[in-house]
Amino acid sequence: MIRTLTGYSDEIDDVELAVSEILEHLNIKENLLRNSIGIIACSLDFIKSGVVRALCGELPFDVVGINTFGSATALGGGYMILSVVVLTSDDASFSAGVSKSVEPNPRQSIEELYNGIAAGLDDEPKLMLAILPFLPRTSGDTLTKCLDSISGGVPIFGFVPSDYTTNFRLPLVIFNGETYQDSCAIVLLSGSVRPRFFSSAIPEDKVLKRKAIVTESDGNYLKSINGTLASEFIESHGIIERGNIWGSKVIPFIIDFNDGTPCIVRVLNMITREGYLILGGEAQENSTIGFGMFDSDDIIDTASCLIDAISETSHDCLLIASCVTRNFILELDNDAEIELFRSRLGNDSPFLFLYGGGEVYPAICGDKNCSNRFHNLTLVCCAL
């Protein structure tokens, strides 16, 4: 059994007040069991003001996390806040650490980290929580594949920082009060741990039936579609006009790897001078590609469907990550998804909700978990 403690503060400038407020919520002297791990999601301001460092200094266990565009617990939700959840247990174990820089050799750094953390467990890991850095030169797919391979396919649930103003600003990985731009933090869970996974992406009826083939790509650089320069192909479909992106943040690219696993959703980040598309994740050659339509109603509908599915199961804690692009689609009603989770889950289901810059989640094939995959524009949940 895992006991879940949650804390919250919107006090940025008064470090002592913020820390005391969160510690009062957690009440760790009365609630802490033998093994514990903390997970933080906060705006950049809490890092700069020293609240994160001070809070981690008061907590007698490892703490991982990210700075994020928005987060929530049952206690509160929004954008200029700090949310924290503590998982504590007598029969589940947690082992955590942070890697060296994952550039330029991600596998070496991640393997060294994983082996060191795994050695701290008495049993085989049953779940990995992964906090990936936001890096333009090293895609989330690359890091996810490294973690999947090195761990031997341990189910991974994770996310990427999403610090955002008019563009991505300073996305940071947090470990024990320190911050990192190019490192990966992971937590391995063993013992009495039975993770269940839920996801909700684009509704099938919002995927256009007209499909094409990826004929040339390099990681997340999509170079040609149906033998045509990628930018020219999507311009012919009205997605861009004269090289300018229209609605790129809200037009999903639906990638089918044609291997029996569910489709992956990608977002278009930018177009290079050569006319290549830089996506939020890889699009392998010979994959099928299609386009979708997604509006604010779809965001709320998919979130409601996820909550319905969660409500049918018993759980001690919910970790929920929504792609920050989903929030952009909500436009002026940008509190709607956060408030939906807070109102529907209430105080009966301890949870941490956050907006990420990418999501890691096991692809589901029938009754089995397939390989771990990096996602965009997806709402994912891990129930413990």
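I began with Cys382, which counts as buried at 0% relative accessibility, where buried means under 20% relative accessible area, exposed over 50% and partly exposed in between, with a 1.4 Å probe and protein chains only. I noted that this is a predicted model, in which local features need pLDDT of at least 70 and side-chain atom pairs count only at pLDDT 80 or more, while totals for chains, interfaces and linings use all residues. Residues are numbered from 1 along each chain as its sequence is written, and side-chain values use heavy atoms, with hydrogens and water left out.

Cysteines. I looked for disulfides, meaning pairs of cysteine sulfur atoms within 2.5 Å, and the search of the whole structure found zero. Cys323 is in no disulfide, since the nearest cysteine sulfur, that of Cys381, is 16 Å away. For Cys382 I found the closest cysteine sulfur in Cys381, at 6.9 Å, which is too far for a bond. Cys323 is buried, at 3% relative accessibility.

Helices α5 and α6. I took helices as DSSP runs (H or I, at least four residues) and strands likewise (E, at least two), numbered from the N terminus. Helix α5 (residues 106-118) packs against helix α6 (residues 140-151) at an angle of about 45 degrees, with the axes 10 Å apart; axes are lines fitted to C-alpha atoms, for helices over the stretch in contact, and angles run from 0 to 180 degrees between N-to-C directions. The two helices are therefore oblique to each other, because angles under 35 degrees count as roughly parallel, over 145 as roughly antiparallel, 65 to 115 as roughly perpendicular and the rest as oblique. I listed the residues in contact (heavy atoms within 4.5 Å), and among them are Ile110 and Tyr114 in α5 and Leu143 and Cys146 in α6.

Helices α8 and α10. I then found that helix α8 (residues 296-311) and helix α10 (residues 336-345) have axes that come within 10 Å and cross at roughly 25 degrees, so α8 and α10 are roughly parallel to each other. The residues making this contact include Ile299, Ala303 and Ile307 of α8 and Leu340, Phe341 and Arg344 of α10.

Phe175. Leaving aside neighbours within four places in sequence, I found Phe175 in contact with Asp62, Val63, Val64, Ala96, Gly97, Val98 and Tyr180. Phe175 and Cys56 are 119 residues apart in sequence, yet 8.7 Å apart in space, C-alpha to C-alpha.
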